[in-house]
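Okay, thanks everyone, let me get going.

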Amino acid sequence: MDILNFDEVIDRHGSFATKYEELHEKYGRSDIMPLWIADMDFATPQVIIDALHRCIDTRVLGYTTAPDEFWQAISGWLTRRHGWQLDRSDIDFLPGVKKGFGLALNYFTEKGDKIVIQPPVYHSFRSVIEGNGRVVVDNPLLRTPDGNYCMDLEGLERIAAEEHPAMVVVCNPQNPVGVQWQADTLRRVADICRRHDIILLSDEIYGDLLLDGRRHIPTAMVSETAAEVTVTLGAPSKSFNIPGISSAWTVVKSPRLRDGFFAWLKASEFDTAPTCAIAATTAAYSLCDEWLDAVLAYIADNCRFACEYIHSNIPAVKTMMPEAGFGLWIDFNGTGLSHDQLCDRIINRGLLAISGGTTFGREGAGFMRLNVGVPRSELLEGLKRIKNAIL
């Protein structure tokens, strides 16, 4: 397939893009550059666009049943890219990862149940849990001496014993800090969950986006225990820039967890893939390895470019290469600004919209997440705006 020019700047105004439509609501003004929400500004692979055209060109958008090729594309991708061997019976469709999280939460837990998350982490974990009448229990990540993060496994063990949560949620790889959790860490989390009869839900939406040749480690693969307790959520949406098409999947290896959950999804047709989801997902997972490899190389170079720019031009600000994803987690605590002052400077002096760290939990105070999944010229402009805001 043709490799796209990722330096191309595509005007997304008028395309219902959330990055523009919600600017005023979230940042109080619309005349600012949006590098906040986690979708990329690169054109979706042409083979996916072509597959969608073929669907529309039939001129009849009726009821759909996903063919074998759809399921084979998903399982083939997970085997080819991650070494994860799966049976068809292990996989089901979901209408998006966030929606899938809400569905899993409602099936496996009850109102009032305690659910563990590990902030700073994807903000919707908290909002979905609380919005569905469950109680969030924080098990914050720990900073390591090099400025990276690790899980607080002793804290998790204590929470499991004292709080009796119904579910532990891991983000693997982690958003926003960009860490790919190692197998030993995931094994220990799974062991804690097994001992305390806790469901382990693993959000692996960034699992395809490992940088610099790293390999994703699916949580359920690390041990038999992990396979027994884990519900995995994933999607092609981040990988191929198609979050506007609600297509995701869940993998549950354990019949104890899987049979009832999949039957419940089927009963209300939550597991029925619509036309465009079938077409886009099949094309993405069957034909887009080369495109993804190219975009990962571009994102890694963007990350290095941004790290070097910040180090050279804004010495009070710190950041480091992420292991996965296209979000750069930036530490502004050395500037002496409060978090509110920082946000005000970035928005109103820098005229830039990036994600404030407290969005991901109070542990993110003084941090911000910058979307680097954009053309290099756009990234440079965003970095210049950060410099102008801080200096």
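So, look at helix H3: the face turned away from its buried side carries the exposed residues Arg-54 and Asp-57. Exposed here is over 50% relative accessible area, buried is under 20%, and partly exposed is in between, with a 1.4 Å probe and protein chains only. Helices (H or I, at least four residues) and strands (E, at least two) are DSSP runs, numbered from the N terminus.

Before I go on, a word of caution: this is a predicted model, so local features need pLDDT of at least 70 and side-chain atom pairs count only at pLDDT 80 or more, while totals for chains, interfaces and linings use all residues. Residues are numbered from 1 along each chain as its sequence is written, and side-chain values use heavy atoms, with hydrogens and water left out.

Back to H3. What's on the buried side? Val-47, Ile-48, Ala-51, Leu-52 and Cys-55. They cover an arc of only 140 degrees around the axis, so they sit on the same side of H3; that arc is taken from the directions from the helix axis to the C-beta atoms. These buried residues pack against helix H10 (237–240) and helix H12 (275–287). And just after H3, Arg-59 takes a positive phi of about 70 degrees.

Ile-48 turns up again in the largest nonpolar core, which has 104 residues: Ile-48, Phe-101, Phe-240, Ile-346, Leu-370 and Ile-386 touch the most other members. A nonpolar core means buried Ala, Val, Leu, Ile, Met, Phe, Trp, Tyr and Cys residues joined through side-chain atoms within 4.5 Å. Helix H13 (residues 289–313) gives the most to this core, 13 residues. Apart from it there's another core of 28 residues, including Leu-141 and Val-222.

Now charges. How many salt bridges are there? The count is 19, where a salt bridge is a side-chain nitrogen of Lys or Arg within 4 Å of a carboxyl oxygen of Asp or Glu. Take Asp-138 and Arg-126, with closest N and O atoms 2.8 Å apart. Asp-138 is in strand E4 and Arg-126 in helix H6, so the pair ties together parts 12 residues apart in sequence.

Then there's Asp-92, in strand E2 (residues 91–94). Asp-92 is buried yet has no salt bridge; the nearest side chain of opposite charge, Arg-88, is 5.1 Å away. For that, Lys and Arg count as positive and Asp and Glu as negative, with His and the chain ends not counted.

How values were computed: Contact means heavy atoms within 4.5 Å.
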